[in-house]
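Hello,

Here is the structure for you to look over. My notes follow below it.

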Amino acid sequence: MNNNKTLNEIKSNRNEEKTVKCDVALNINIDDKYIRKTVPNIPDISEGTLLRHYTNLSRKNYALSTTMYPLGSCTMKHNPLVNEKIAKFDGFSEVHPYQSEETMQGSLEVMYELQESLSEISGMDYFTLQPAAGAHGEYTGLLIISKYFKSRNEKRTKIIVPDSAHGTNPASAALAGFEIISVKSDEHGIVSPENLKQVLSSDVAAMMMTVPNTLGVFEKNIKEITELMHDNGSLMYYDGANLNAVMGILRPADIGFDVMHINLHKTFSTPHGGGGPGSGPVGVKAFLKEFLPSPFVVKDGEKFKFHFNDKEKSVGQMKAFYGNFPVILKACAYIKSLGANGLKKASEQAVVNANYILSKLKDRIKIPAGNFCMHEFAMSLKGALGGGVRTLDAAKRLLDNGYYAPTIYFPLIVEEAMMIEPTETESKQTLDEFIGTLINIFEESKTNPDVVHNAPVNTSVKRLNEVEAARKPKLRW
């Protein structure tokens with residue numbers, strides 16, 4: 001009882017001290033109803049204990065600072081720490097979106113410079129930085145396409161999407177009010193003009209394509225495809241998720257694309273995952289400028305200011321204020337530091353790294369699209385694994401070996417698929433270690449399949465019921 005009484009007295013005194021200090025510091029009288037009557041339930045622990053707690057929590061996670069991320073179709077590349085430092089500069093981190101344009105000229109200049117850089121890299125004429133992620137960019141681009149045809153009094157209700165497309169493509173098209181028409185890939189994993197002709201009609205608004213595609217294959221028929229679409233009065237949409245394979249080498253606008261989004265958090269090096277942070281700027285050719293979201297930044301003499309499109313023509317504002325500014329900052333810093341030659345070299349190295357892994361595995365696995373890829377490749381593990389082990393089991397076993405599991409069972413057209421994307425930032429030593437781990441898992445599935453079936457066993461939690469976890473997530477413990 002004495003201990004409890006003492007504790008209560010301490011709490012009471014602490015509240016009185018806080019109230020007095022607050023009143024003195026602010027020199028104001030605070031209404032009693034706003035003053036806390038009890039001490040908040042916060043544990044009293046040392047700084048060292050707190051530091052150890054969060055450090056140990058971080059060690060339960062997978063991150064680029066601890067391991068390679070072979071995450072196909074996501075470009076989990078290294079983000080130079082200097083970019084993080086720049087994003088924390090007071091002049092950027094403390095800027096407020098309601099400030100007048102005159103007081104945020106530096107931030108506006110960064111936005112303008114990024115718009116110009118993205119235009120140069122992509123060949124597009126104008127960019128909006130508002131969209132918060134790739135799928136958000138897709139949705140924005142499709143709204144622009146819809147608005148364009150409505151302005152021309154053309155009823156175009158369909159979007160063509162290859163069967164190897166990212167799942168967000170048909171989802172974004174449906175959300176924008178379009179009907180989705182699928183076109184099959186041929187035996188080489190690409191879209192053939194003949195297959196496209198079978199689904200092309202006068203009510204097709206656009207076709208969405210990723211070049212290279214999700215199999216890691218370059219669409220060699222792309223010029224003929226864009227000509228077919230344009231002859232039909234339709235537009236071409238470029239999904240920029242795989243731009244990391246061609247930046248500095250090929251510009252989407254130069255091969256016939258009219259609208260595109262760029263995943264800044266993939267191609268231009270911002271850590272992402274877990275729902276953010278992200279940024280998906282959308283670029284358009286000049287004839288679509290008036291439909292862009294408002295506002296975007298323009299240069300007027302030596303000053304930078306916001307430009308607002310006609311409300312009747314613009315698709316409206318897609319995000320509060322002007323976009324995810326910290327990601328914009330990091331992307332701009334990354335592009336400026338590498339320059340044109342550096343961006344090209346990054347693409348070339350990404351392609352080399354992916355092909356190096358493919359060359360070491362091709363005799364053990366099936367590569368549906370052939371023995372050459374761009375920056376990533378999809379492989380089928382059917383036949384490579386024994387003992388009834390499936391791709392999911394192999395991916396879980398990678399977790400035991402310290403690697404975040406790559407994308408699996410995608411694209412859907414590849415049976416027992418696993419996608420590999422090493423990015424340009426991994427060394428040959430790291431690639432060799434990863435290749436060795438994969439080969440060991442292949443062998444383990446034949447000699448000791450139970451170990452792979454039960455994986456993971458070295459992680460903080462064991463094999464989860466993923467269906468139940470998705471449908472009934474436990475957000476609190």
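**Salt bridges and strand cover**

E120, R251 and D254 are joined in a network of salt bridges, a salt bridge being a side-chain nitrogen of Lys or Arg within 4 Å of a carboxyl oxygen of Asp or Glu. This is a predicted model, in which local features need pLDDT of at least 70 and side-chain atom pairs count only at pLDDT 80 or more, while totals for chains, interfaces and linings use all residues. Residues are numbered from 1 along each chain as its sequence is written, and side-chain values use heavy atoms, with hydrogens and water left out.

The salt-bridge count comes to 19 by this rule. One of them joins K313 to E290, with the closest N and O atoms 3.0 Å apart. K313 sits in the loop between β9 (303–307) and α11, and E290 in the loop between β7 (282–284) and β8 (296–300), so the pair ties together parts that are 23 residues apart in sequence. Helices (H or I, at least four residues) and strands (E, at least two) are DSSP runs, numbered from the N terminus.

R390 and E416 also form a salt bridge, their closest N and O atoms being 2.5 Å apart. R390 is partly exposed at 45% relative accessibility, whereas E416 is buried at 13% (buried means under 20% relative accessible area, exposed over 50%, partly exposed in between; 1.4 Å probe, protein chains only).

In strand β5 (residues 235–239), five of five residues are buried. L235, Y237 and D239 lie on one side, M236 and Y238 on the other.

Regards
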